[in-house]
Every structure is written in structure tokens, then in C-alpha cells.
Amino acid sequence: MSFESLGLSPEILRAVAEEGYTEPTPIQAQAIPVVLAGKDVQAAAQTGTGKTAGFTLPILNRLQPLASSSVSPAKHPIRCLVLTPTRELAAQVEASVKTYSKYVPLRSTVIYGGVNMDPQIKALMAGVEIVVATPGRLLDHVQQRTINFSQVEILVLDEADRMLDMGFIPDIRRIVALLPKKRQNLLFSATFSDDIKKLSSGILHDPVTIEVARRNATSELVRQVIYPVHKDRKRELLTHLIRTLPIPQAIVFCRTKHGANRLCGLLERDGINAAAIHSDKTQSHRTQSLEDFKGGTVNILVATDIAARGLDVDQMPYVVNYELPHVPEDYVHRIGRTGRAGSLGHAISLVSDEELRELADIEKLTKQKLERVVVEGFDSARPEGGRPARPERAARPERAPRAERPPRTEQAARPEAVEEEPAEPKVRREPEPERASLSRSHFSRPPLASMGKKPREVPALLGGLPKKTS
Ligand code: AMP
């Protein structure tokens with residue numbers, strides 16, 4: 001199938017051709033005609049399947065007749081709102097919108113927290129048809145009356161499963177309540193849980209369901225290997241693998257921000273160019289690290305799940321799980337960073353005895369037995385210095401007793417959402433682990449009052465206070 005056969009305009013086809021795309025990916029082939037027809041869509045697609053172009057191209061096509069070369073802001077009302085869970089994803093989606101709209105006079109801008117609001121206000125005042133935003137900062141604009149939703153006709157919820165995990169749903173419902181009722185709704189999600197279906201049934205109207213990948217499937221283009229190792233020797237093994245495999249560039253996942261910082265420092269001491277990226281880093285640091293990584297001056301990006309979500313680095317050859325995630329679905333998200341758009345990828349997991357339970361959960365979820373490779377001298381029974389572990393250590397149970405592990409139910413607060421609201425008092429946050437790794441049975445945000453925070457009243461820009469949110 002060709003892009004030409006999908007009914008896209010010559011201007012959009014030209015931009016697509018310049019990107020070097022020769023044929024639509026499966027999600028694009030299915031989603032583009034449905035979106036062009038103006039229907040609501042709920043689509044489950046793995047990361048790296050090309051879903052951004054899957055919704056952006058037909059949206060641009062639909063808005064093209066309304067595009068105007070006039071400089072008057074009135075000629076450029078917001079017509080499409082794309083909501084994403086993280087700043088990086090928002091920036092990336094907006095960059096794609098700019099790329100694909102190169103030959104169409106439609107304007108776009110990105111709105112997220114952690115940066116000065118003024119340039120965002122300026123862009124909104126100048127007039128912009130497509131706004132890509134994270135929910136927290138968007139609501140700040142609503143509160144300050146610097147955004148007008150009265151002409152919005154298309155709403156996109158991107159990575160909806162992650163927005164659920166991050167507790168953004170009440171914010172999303174507030175935003176949706178401010179939009180014109182008659183609009184097209186598109187919901188994209190890496191996984192398609194029952195909770196996502198519930199969310200979509202409240203927002204979408206008679207949607208067409210598109211599911212191109214098996215639920216929780218991992219890509220066949222990713223070679224997955226487990227390296228059993230003692231927990232105290234992981235960093236040594238990682239340095240060894242970076243040098244010997246070799247690993248030219250990788251995203252290395254840690255569970256915690258503190259762990260990511262520490263590992264980054266140790267790798268640098270080993271002479272490896274590394275940068276840490278997580279939600280405690282300033283936005284400019286995060287952007288710079290990503291640029292350095294893309295430019296090749298940084299080889300290893302040490303990241304937490306939240307920060308890494310949505311990162312799209314072309315040709316990423318390796319993903320390393322320095323620690324396995326608590327939630328097995330996060331493993332699927334993590335390794336989706338490699339093996340993207342047809343290129344072969346490697347996912348390496350350094351697994352200590354303490355993580356065997358997480359490993360079993362991952363293998364159960366993805367319905368596969370992962371290959372184990374023991375590197376001589378680094379087997380899981382050997383602590384620092386290569387000495388065999390003391391018998392009583394080696395004989396202890398696989399995992400610490402439940403009471404010693406972070407209780408999953410307490411992790412359900414908003415992680416980056418706190419950052420998205422710089423104007424409000426800092427919420428006390430549990431230092432470790434980062435709250436992104438949530439059990440899917442705890443999607444909802446804890447009551448704001450219990451977080452020492454007043455619920456945010458959103459004065460209506462249009463149409464009164466939002467209706468009661470669930
Ligand atoms: P996404 O899943 O939207 O994050 O896209 C993943 C990657 O696939 C991005 O780097 C896109 O530039 C690339 N991509 C999207 N559509 C195509 C296509 N039809 N052919 C080749 N690459 C594509």
C-alpha cells in the first residue's frame with residue numbers, strides 16, 4: 001500500500017516523502033482513512049509503530065481547507081488539541097506536526113510545565129491551530145485565561161495508558177468538559193486495558209477500534225537477553241558489556257531518580273559518556289541531555305520510566321534494564337525504545353536474585369521465556385570482587401519479604417504532574433521509587449487533600465465551571 005492511496009493531499013504527501021517514508025505502517029494504513037472520514041478512533045499500537053504520523057497526517061489533511069496565510073490571530077483558532085503524558089512526548093509530537101505540516105499553512109505549538117509560560121502565551125496569542133500539551137500546564141493556561149478552546153474540533157489523547165498511570169485522568173476530564181461537544185476524538189494507547197476502554201467510552205462516540213499489535217506483545221525485532229548478576233556487581237557488568245559487546249549507545253533504565261544519578265556518576269568515572277534524565281532534572285537539562293544523546297556526544301542515557309516515556313531516538317540499538325520495573329507492562333514500554341520502525345534492536349536486562357519475581361511476571365505477561373546469558377565471573381551468586389556469596393546470603397529467599405518492598409498501593413500519586421504545576425506548593429514526595437511504576441489496579445490519583453494539596457478549581461473560560469469530574 002502507498003501513502004498516495006490513502007487520500008492525503010499533495011502537500012502532506014510531499015512532506016511524508018521528504019521524511020523517506022515509502023509506505024504506511026500498519027497503524028497508519030488503518031487509522032488514516034478512518035480519521036480522514038471524521039470518525040472517532042480508539043487505537044492500541046505498540047510504541048515505535050508510527051502512530052504519531054497515524055493521527056497527525058489525517059488531522060492535517062482535515063484541517064488543511066481551514067488553513068490560512070493571514071497573520072491575523074483570529075484566522076488561526078485552536079482547532080486540534082493533543083494531550084500527552086510527558087513533556088518529551090509533547091515536544092516530540094509537536095516536532096512531528098511541524099515536519100508534516102511543512103507545506104500547509106497550519107501553525108502548531110507545544111505547552112508543558114517546568115518552563116516560562118510567557119513564550120507559550122505569546123504563541124497562543126499569535127494564533128495556532130494545533131496545540132500539543134501536557135494536562136497540568138494546559139490547565140494553568142485555562143486558569144489564566146490565556147487559551148481559548150471554542151473552536152476545537154479534534155481531541156487526541158496520546159499514550160492514554162500512561163496518562164492513566166500518572167493520574168492525569170481528572171485533569172483530562174476537566175479539559176474535555178471545556179471543549180465544544182461536537183468534535184472528533186482519537187485515543188491512542190500502547191496497551192489497551194479495560195480501564196482505557198472505560199475512559200474512552202466516556203469521551204469517544206461510537207469509535208472505530210484499531211488494534212495492530214497483540215496486547216502486551218514485544219516486538220520481534222528486539223532480541224531480548226537476561227544477564228543474571230549479583231546486585232552489587234551490576235555497574236561493573238554494565239561497563240563490561242558497554243566495552244565488550246560493544247554497546248555504542250543505549251538508554252539504561254533505573255527504577256529511581258537517585259539510582260539513575262548514582263549510576264550516571266559511576267559510569268562517567270569508568271570513562272563512559274553518560275547523562276541522567278529524570279523528573280528532578282530541569283527541563284533545559286533534559287532537553288540538552290537528549291540533544292547530546294541524539295548528537296552522539298553522550299553514549300548512555302540513564303533514565304527513569306517517566307522521563308524515557310515517549311523518547312524517540314532513531315536507530316536506538318540497545319535498551320538496558322539496569323533494574324527490572326516493578327510493573328511488567330513497563331518492561332514492554334521500555335524495550336519499545338529499540339527495534340523501532342523496522343530496525344533491529346537489543347534489550348538487555350541485568351537481573352539479580354532479588355528480581356526473579358519481576359522477571360517471572362514479565363515472562364508471564366509477554367508469554368515468552370527469555371534467553372539467559374551468564375558472563376563468566378559475573379554470575380548472580382558472586383558479590384563484589386568475584387567472591388562467591390556467603391552461604392546464608394545465597395540461600396535466602398528470592399525476594400525481600402513484602403513488607404520491605406515499596407507497597408504498590410502507595411505509588412499511585414502523580415509523578416510528573418507535580419512538576420507540571422510550578423505555581424502550587426510542592427507536594428511532599430516519597431523519594432524512592434519514582435511513582436511512575438504503578439500497579440494497573442491503582443490508576444486513580446489519591447485524594448488531593450491527602451497529598452496536602454487543595455483541589456484545583458478551574459474557572460471556565462467557556463461554559464462555566466466544569467461539571468463534576470469522577
Ligand atoms: P512513533 O511510533 O510515532 O513514535 O514513530 C516511530 C518512528 O517511526 C519515528 O521515528 C517515525 O519517524 C518513524 N516512522 C513513522 N512512520 C513511518 C513510515 N511510514 N515509514 C518509516 N518510518 C516511519
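A residue counts as buried if 20 or more other C-beta atoms lie within 10 Å of its own, as exposed if 12 or fewer do, and as partly exposed in between, with C-beta atoms placed from the backbone. Helices (H or I, at least four residues) and strands (E, at least two) are DSSP runs, numbered from the N terminus. The model is predicted: local features need pLDDT of at least 70, side-chain atom pairs count only at pLDDT 80 or more, and totals for chains, interfaces and linings use all residues. Residue numbers start from 1 along each chain as its sequence is written.

Helix 9 spans residues 194-203, and its buried residues are Ile-196, Leu-199 and Ser-200. Seen down the axis, these fall within an arc of 95°, so they line one face of helix 9. The arc is taken over the directions from the helix axis to the C-beta atoms. The buried residues of helix 9 pack against strand 1, helix 7 (160-165), helix 8 (169-177) and strand 6. Contact here requires C-beta atoms, placed from the backbone, within 7 Å.

The protein as a whole has 17 helices and 14 strands. It comprises 470 residues, and 47% of them are buried. Among contacts with a separation of 6 or more, 78% link residues 24 or more positions apart.

Strands pair if DSSP finds at least two bridges between them. Axes are lines fitted to C-alpha atoms, for helices over the stretch in contact; angles run from 0 to 180 degrees between N-to-C directions.

Helix 2 covers residues 26-36; Ile-27, Gln-28, Ala-31, Ile-32 and Val-35 are its buried residues. They lie on the same side of helix 2, because they cover an arc of only 110° around its axis. Their cover includes strand 1, helix 3 (51-63), strand 6 and strand 7. Just after helix 2, Gly-38 has a positive phi of about 85°.

Strand 1 (residues 41-44) is covered on both faces. Val-41 and Ala-43 are buried on one side, Gln-42 and Ala-44 on the other. Four bridges link strand 1 in parallel to strand 6 (residues 184-189). In strand 6, Leu-186 stands opposite Val-41, and Leu-187 stands opposite Gln-42. Strand 1 also pairs with strand 7 (residues 208-211), again parallel and over four bridges. There, Ala-43 has Ile-210 as its bridge partner.

Strand 6 is mostly covered, with five of its six residues buried. Its parallel pairing with strand 5 (residues 154-157) runs over four bridges. Leu-187 of strand 6 is the bridge partner of Leu-157. Elsewhere in the sheet, strand 2 (residues 80-83) and strand 4 (residues 130-133) run parallel and are joined by four bridges. Leu-81 stands opposite Val-131 of strand 4.

Another open sheet has seven strands in the order 10-11-9-12-13-8-14, and its pairing is parallel. Its edge strands, strand 10 (274-277) and strand 14 (371-372), each pair on one side only. Strand 12 (residues 318-321) pairs in parallel with strand 13 (residues 345-351) over four bridges. Tyr-318 has His-346 in strand 13 as its bridge partner. Helix 11 (residues 257-269) packs on the sheet and touches strand 9 (250-253), strand 10 and strand 11 (300-303). The directions of helix 11 and strand 10 make an angle of about 175°. Helix 12 (residues 283-295) also packs on the sheet, touching strand 10 and strand 11. For helix 12, the angle with the direction of strand 10 is about 140°.

How values were computed. Two residues are in contact if their C-beta atoms, placed from the backbone, lie within 7 Å.
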